Amino acid sequence: MFHILVVEDEKNLRRLISTCLERAGYRVFACENGVHALEILDCQHIDLMISDIMMPEMDGYELTEGLRQANYDLPILMVTAKETFEDKKIGFELGIDDYMVKPVDMNEMLLRVAALLRRAKIVSEHQMTVGNVKLDYNKLTVTTPEKSVELPKKEFYLLYKLLSYPQQIFTRQQLMDEIWGLDAMSDERTVDVHIKRLREKFDSLEEFDLVTVRGLGYKAVKNI
């Protein structure tokens with residue numbers, strides 16, 4: 001299930017967007033400004049963000065700029081009443097992926113969200129390079145200058161997920177839900193076992209580390 005963050009200070013619109021997304025099968029997190037959005041992003045994996053521009057405390061421009069500077073690469077759909085070319089130009093230059101002008105057609109919004117997620121999935125599921133290490137999603141392989149290792153599916157998916165969002169903390173339950181599925185019979189200790197196996201195989205690599213965040217879960221740190 002994809003996780004979407006809705007950042008909108010207008011209560012009724014925030015509620016409407018959230019309801020439409022939930023009915024379409026997404027899990028939604030909602031807040032009223034950029035400051036609260038950052039708090040959610042600090043503790044929750046988000047696949048896509050929908051954000052207004054004009055908000056108190058931290059607006060959509062500031063939020064987008066801060067996320068891109070921190071290397072968050074999640075798709076960002078900006079929804080706003082500001083409709084001039086200059087407004088759009090600023091947004092795209094700061095790193096947004098798409099732009100909608102209020103009043104928003106909810107059916108069109110769902111189409112745009114699906115397209116952005118599909119595009120992000122295609123990119124993330126192809127290949128990833130971290131220094132001299134290459135991960136191939138289709139072959140489930142991790143290739144270094146010395147060797148190529150084919151991993152069991154869950155191990156590869158776990159490593160790929162963590163490296164796709166460097167510095168982002170994932171709880172064990174989040175990883176269980178996304179990689180093993182909501183109906184999986186395994187418990188959270190399964191994640192610990194797979195992390196241990198990955199460390200045994202790749203601890204000698206300088207490109208990245210798999211870090212335990214006490215009381216929370218795990219994150220990947222890229223060292224390049």
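The model is predicted.

**Cysteines**

I looked for disulfides and found 0. I started with Cys20. Its sulfur is 18 Å from the closest cysteine sulfur, that of Cys31, so the two are too far apart for a bond. I then checked Cys43, which is in no disulfide. For Cys43, the nearest cysteine sulfur is that of Cys31, 11 Å away. I also looked up accessibility. Cys20 is buried at 16% relative accessible area, whereas Cys43 is exposed at 51%.

**Salt bridges**

I counted 7 salt bridges in the structure. I noted several of them.

I took Asp52 and Lys102, whose closest N and O atoms are 3.5 Å apart. The pair links distant parts of the chain, 50 residues apart. Asp52 sits in the loop between β3 and α3, and Lys102 in the loop between β5 and α5. Asp52 is buried at 4%; Lys102 is partly exposed at 21%. I also found Glu8 linked with Asp52 and Lys102 in a network of salt bridges.

Next I checked Arg112 and Asp98, with the closest N and O atoms 2.8 Å apart. Arg112 is in helix α5 and Asp98 in strand β5, so this bridge ties together parts 14 residues apart in sequence. Arg112 is partly exposed at 25%, while Asp98 is buried at 16%.

Last, I looked at Asp192 and Arg172, which form a salt bridge at 2.7 Å, N to O. Asp192 lies in helix α8 and Arg172 in helix α7, 20 residues apart. I have Asp192 down as partly exposed, at 25% relative accessibility.

Note on methods: Residues numbered from 1 in each chain as written. Predicted model: local features only at pLDDT ≥ 70, side-chain atom pairs only at ≥ 80, totals over all residues. Heavy atoms only, no water. Disulfide = S-S within 2.5 Å. Buried < 20%, exposed > 50% of the residue type's maximum accessible area, 1.4 Å probe, protein only. Salt bridge = Lys/Arg side-chain N within 4 Å of Asp/Glu carboxyl O. Helix = DSSP H or I, 4+ residues; strand = E, 2+ residues; numbered from the N terminus.
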